[in-house]
Amino acid sequence: MSSNEIVIVGGGPAGSSAALWLARSGHPVTLVEKKEFPREKTCGDGLTPRAILQLDEMGFDFDVPQFHRITGLRSYAADDVMLEMEWPQHSRFPSWGGVIRRKDLDQQVAALAEKEGVTVRSGTEAHPVVEGGALRGVDLKRNGETERLDPSFVIIADGSLDRFGRGLGTSRRRDYPMGLAARGYFSSPRSADPFLESQLDIRDSTGASMPGYGWVFPLGDGEINVGVGLLSTFKRWKHVNTTVMMQDYVEAASDYWGISADKATSDPKGGKLTMSFSKSPQVGENWLVIGDAVGAINPWNGEGISYAYETGRIAAGLVSDAVGTGDPAILQRYPDILDEEYGLYYKMARIFVKLIGNPPVMRALAHTGLRNRPLMEWTLKVMANLLDEDDKHLGEHIYRTLAVMTKTLPV
Ligand SMILES: Cc1cc2nc3c(=O)[nH]c(=O)nc-3n(C[C@H](O)[C@H](O)[C@H](O)COP(=O)(O)OP(=O)(O)OC[C@H]3O[C@@H](n4cnc5c(N)ncnc54)[C@H](O)[C@@H]3O)c2cc1C
């Protein structure tokens, strides 16, 4: 490989997005994915309008049979309060979302990148070649063979475990929140439901409140994705077994889903959610870190796919400029761009998740909030990062006031 080529490590949403945007700008790119497509990824499979916008701009075909269109969110606080809300109207984002299994989504987006000219090397694991603390090359391992590449730039998109990045010294801030979640697939008569569903007050088999939340995301193909999650800001989070929590949630889920343990079509699987840009460094002399590997997940709602696409696109722009100008120092703008784009919003999220880390506070907020439609519609906009710049009603003023206040708080 000639040294003007760019290597991207990881073929999930972050890596495929970076690869696609670089190839579209005319750069030679190799996307390395250690698994073969289609590959499973533990996820809720839910896409908000933010993700839809990115997919649309990449050229995704929403008419594929695996894609199920979603018009909004239905939220519960135990059995007593429920509110159904459509996605908001926005000047930039569409007012619809979707659910699609990650094995289908990621394969289809990688195929889009390939169509743009990206060389996709699946079934191949990338390892950093580090000399004197600097990244000097990438070893590709496949079927016991090793091949050395000597790219000019490397974009690291290897997900929440971030083994490649750790070889370069990346680590997670322990004082920032982290999520734990588990999901499983179930057959359900209500698989065509057009709403994502969340449960903000979940109980165990004895009826006692648990710290965390639950979801049901319908796939439209006879199955639903059911999951539970909790944050490291929740008390006792280290003692919670998400698999047991999930069993309890399945038993307690609304009857209309028609689910029970014997309707499971897969074993439950868990994973970590690295959020709030908790990973650093974000950039080196010739590399950038994107998606879960940099901790890009939104702490407000645990959404990571759209932020993986977005950070991939930002990184692609910087690398493209660095190649175009011959000035690798352009990469060093990355932390400032992330801070400008997400810094304040994620800082506010850290305050919010600290607050709801106290289960009685979360329960009280859920039970009172869900009785107030305008408040919850605004909350949905905030949590899904869909506030419109031009939208000047009361909610935005409160948001901006909070924003000013959080600037002065040490979070
Ligand atoms: C249970 C759960 C539910 C979730 N639900 C949602 C949801 O509903 N909606 C949402 O938006 N987000 C959700 N998320 C978050 C979302 O899954 C992630 O934010 C998203 O996958 C991040 O994309 P990524 O490309 O950064 O990483 P990944 O999707 O993890 O992709 C990383 C890729 O890199 C590959 N790789 C790793 N190391 C190497 C290597 N050395 N060489 C080559 N390849 C390598 C891996 O095989 C993998 O394919 C959920 C997460 C969990 C755990």
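Begin with β3, β7 and β4: in this predicted model, these three strands form an open sheet in the order β3-β7-β4, with antiparallel pairing. Strands β3 (46-47) and β4 (68-70) stand at the edges, and each has a single partner strand, so one side of each is left without a neighbour in the sheet.

Next, select residues 97-99, which make up strand β7. Two bridges join β7 to β3. Display Gly46 together with Val99, its bridge partner in β7.

Now turn to the ligand. Which residues are the closest to the ligand? They are Gly12, Gly44, Gly159, Gly291 and Gly304, within a surrounding group of 40 residues. Among the elements that give two or more residues to this shell are α1 (13-24), β9 (125-131), β14 (178-187) and α6 (305-325). Colouring the shell by class shows 15 nonpolar, 13 polar and twelve charged residues.

Strands β14 and β17 run antiparallel and are joined by nine bridges; show Leu180 and its bridge partner in β17, Leu230.

Finally, select strand β16 (residues 213-218), which is joined to β17 by six bridges, again in antiparallel fashion. Val216 stands opposite Val226 in β17. The hairpin of β16 and β17 has four residues between the strands, and Gly220 takes a positive phi near 75° there.

Conventions
Residues numbered from 1 in each chain as written. Predicted model: local features only at pLDDT ≥ 70, side-chain atom pairs only at ≥ 80, totals over all residues. Pairing = 2+ DSSP bridges. Near = placed C-beta within 6 Å. Nonpolar A, V, L, I, M, F, W, Y, C, P; charged D, E, K, R; others polar.
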